[in-house]
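Thanks for coming. I will take a few minutes on one structure, which is on the screen now.

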Amino acid sequence: MVKFDGIKGQELLDVEEKGGELTLIFKDNRFLFVKVIEGKLACDSVPE
């Protein structure tokens with residue numbers, strides 16, 4: 001999953017939960033959005 005290579009090893013600063021979705025916030029100002037769709041995890045990332 002090359003798409004997520006930028007967050008490997010980055011320090012996790014905060015985790016927010018709202019609307020059935022988790023948002024992971026990393027030190028380098030990147031965000032990872034995790035939610036469950038049809039029983040499977042789905043992830044989207046936002047680069048810095």
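Predicted model: local features only at pLDDT ≥ 70, side-chain atom pairs only at ≥ 80, totals over all residues.

Residues are numbered from 1 along each chain as its sequence is written, and side-chain values use heavy atoms, with hydrogens and water left out.

Confidence comes as pLDDT, the predictor's value for each residue from 0 to 100. The chain has a mean pLDDT of 84, and 90% of its residues reach 70 or more. Strand β1 has the highest confidence, at 93, and strand β4 (residues 40-46) the lowest, at a mean of 79.

Now the strands. A strand here is a DSSP run of E with at least two residues, numbered from the N terminus. Two strands pair if DSSP finds at least two bridges between them.

β1 and β2 are antiparallel, with six bridges. They form a hairpin with two residues between them, and G19 in that turn has a positive phi of about 60°. Across this pair, E17 stands opposite L22 in β2.

β2 covers residues 21-26 and β3 residues 31-37; five bridges join them, again antiparallel. L24 has L32 in β3 as its bridge partner. This hairpin has four residues between the strands, and N29 takes a positive phi near 65°.

Which residue sits in the loop between β2 and β3? One is D28. Is D28 buried or exposed? D28 counts as buried because its relative accessibility is 19%, and buried means under 20% relative accessible area, exposed over 50%, partly exposed in between (1.4 Å probe, protein chains only). The side chain of D28 also makes a polar contact with the side chain of R30, at 2.7 Å. A polar contact is a pair of N or O atoms within 3.5 Å; within protein, one must be able to donate a hydrogen and the other to accept it, and residues adjacent in sequence count only if both atoms are side-chain atoms.

Last, L12, which is found in strand β1 (residues 12-18). L12 is partly exposed, because its relative accessible area is 42%.
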